[in-house]
Amino acid sequence: MIKVGVIRGGISGEYEVSLASGAQVLEHLRGDILKDKYKAIDIYIDRDGIWHINGIPTTIDKVAPKVDVIINALHGDYGEDGKVQQLLEQWQIPYTGSGPLASAIGYNKFLTKKEFDKLGIKTPKHLLFSAYKDELDGPRQKYGERKAREVWERLPPPWIVKPLTGGSSMGVHVCKTFEDLMNAFNESIDQKVSVLVEEFIKGKEATVGVVNNFRNQKIYTLPPIEIRIPKTSAFFDNEVKYNGRSQEICPGNFSQEEKAELERLARLIHLGLGLSHYSRSDFIVHPKKGIYALEVNTLPGLTGESLMPKALNAVGSNLPEFIEHLIMLARGQK
């Protein structure tokens with residue numbers, strides 16, 4: 001029986017989403033379809049970064065002999081930025097998802113956009129601002145105003161302001177006025193994060209998942225999902241993502257040309273960034289200007305409200321099949 005560790009929890013703001021993703025994976029590993037092949041081991045990392053097995057604190061050196069493979073259900077810092085991947089490689093533990101370098105690039109929205117540019121993929125115009133530092137940025141009360149003025153002079157409104165790293169749309173703001181911008185920058189001071197400011201492009205929101213070596217294809221593209229948000233929301237924010245109020249239409253209402261291009265771009269991003277096993281790329285489809293790539297998710301969520309499972313269901317697959325496929329990929333059997 002193959003011993004499968006599922007890492008969940010972690011130190012990031014996406015702790016709750018990771019717990020839910022991991023719980024879903026554990027439930028399927030212990031369900032009727034997979035329970036006779038795999039022994040599921042719940043590896044919980046608390047908010048302080050301490051590892052646990054079955055609720056008992058432990059360390060990576062004690063985890064390594066107890067598992068044959070790890071399913072990485074972490075999200076955010078430490079889980080998606082290449083750090084836990086580096087640790088697992090040091091202990092020669094096979095794991096699901098991309099390697100340390102590809103994870104680090106995919107997690108950093110600015111570096112991802114640089115890769116998009118190299119690949120000839122259109123992405124919204126953007127500006128990067130380093131995290132606030134007293135010695136460089138002066139008084140806190142003037143910081144937001146000064147940075148907002150910089151943006152105002154270089155990029156026309158409206159804007160999307162987002163942390164440089166992280167997912168689940170945490171800390172993201174749509175800013176339409178100078179005051180909105182000021183408030184977003186001032187909020188970033190306490191969060192101690194670098195900020196990416198993008199031009200806001202209105203259009204259909206789309207996301208496309210890909211899977212390695214699935215159904216006899218080297219890179220299998222799942223159908224593009226169209227995301228329709230409630231009229232009360234400006235974008236697909238964290239609350240809308242997980243409260244069930246958004247409409248996620250799969251397959252989405254895209255023309256044949258749009259669908260083909262979304263799928264091509266998702267494959268190109270996956271290959272171009274050197275990603276492994278699976279990923280999910282996010283896009284905006286503008287009616288006249290075409291398709292813009294926003295970012296890539298190197299460890300897409302696997303909760304009941306997550307987009308990857310919905311796309312798998314749309315092609316007649318399911319999470320148990322996908323989980324088993326990931327285990328085989330991680331163990332080099334596919």
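Tutor: Definition before anything else: a salt bridge is a side-chain nitrogen of Lys or Arg within 4 Å of a carboxyl oxygen of Asp or Glu. The model is predicted, so local features need pLDDT of at least 70 and side-chain atom pairs count only at pLDDT 80 or more, while totals for chains, interfaces and linings use all residues. Residues are numbered from 1 along each chain as its sequence is written, and side-chain values use heavy atoms, with hydrogens and water left out.

Student: How many salt bridges does a search of the whole structure find?

Tutor: The search finds 17 salt bridges.

Student: What does E263 form a salt bridge with?

Tutor: E263 pairs with K259, and their closest N and O atoms are 2.9 Å apart. Both residues belong to helix α10, four residues apart, which amounts to about one helical turn. Helices here are DSSP runs of H or I with at least four residues, strands are runs of E with at least two, and both are numbered from the N terminus.

Student: Is E263 buried or exposed?

Tutor: E263 is buried, at 14% relative accessible area. K259 is partly exposed, at 28%. The cut-offs are under 20% relative accessible area for buried and over 50% for exposed, with partly exposed in between, using a 1.4 Å probe and protein chains only.

Student: And which side chain does R264 meet in a salt bridge?

Tutor: R264 meets E261, with an N to O distance of 2.9 Å. They are three residues apart in helix α10, again about one helical turn. R264 is partly exposed at 39%, and E261 is partly exposed at 28%.

Student: Where do E145 and R149 lie?

Tutor: E145 and R149 lie in helix α7, four residues apart, or about one turn of the helix. They form a salt bridge, with the closest N and O atoms 3.7 Å apart. E145 has a relative accessible area of 31% and is partly exposed; R149 is partly exposed too, at 41%.

Student: Which residues are linked in a network of salt bridges?

Tutor: K113, K162, E198 and E295 are linked that way.

Student: Switching to rings. What is the count of aromatic pairs?

Tutor: The count is eight aromatic pairs. One of them is W152 with W159, a tilted pair at 5.6 Å centre to centre and 50° between the planes. The rule takes rings of Phe, Tyr and Trp (its six-membered ring) whose centres lie within 6.5 Å; planes under 30 degrees apart count as stacked, over 60 as edge-to-face and the rest as tilted.

Student: Is W159 buried or exposed?

Tutor: W159 is buried, at 0% relative accessibility. W152 is partly exposed, at 44%. The ring of W152 also pairs with that of F178: the centres are 5.9 Å apart and the planes are at 75°, so this pair is edge-to-face. That pair links distant parts of the chain, since W152 is in helix α7 and F178 is in helix α8 (residues 178-191), 26 residues apart. F178 is partly exposed, with a relative accessible area of 22%.

Student: Which residues form one aromatic cluster?

Tutor: F129, Y132, Y143 and F185 form one cluster.

Student: What sits over the ring of Y15?

Tutor: The charged end of R47 does, 3.9 Å from the ring centre. To count, NZ of Lys or CZ of Arg must be within 6 Å of the ring centre and within 35 degrees of the ring normal. K122 is another case, over the face of Y292 at 4.9 Å from the ring centre.

Student: Backbone next. Which peptide bond from P157 is cis?

Tutor: The bond from P157 to P158 is cis, with omega near -10°. P158 is in the loop between α7 (140-154) and β7 (159-163). The bond from C250 to P251 is also cis, with omega near -5°, and P251 is in the loop between β13 (247-249) and α10 (256-272).

Student: Why mention those?

Tutor: Because most peptide bonds are trans, and most residues other than glycine have a negative phi.

Student: What is the phi of N213?

Tutor: N213 has a positive phi of about 50°, and it is not a glycine. N213 is in strand β10 (residues 204-214) and is partly exposed at 29% relative accessibility. R215, also not a glycine, has a positive phi of about 50°. R215 is in the loop between β10 and β11 (217-221), and it is partly exposed at 33%.
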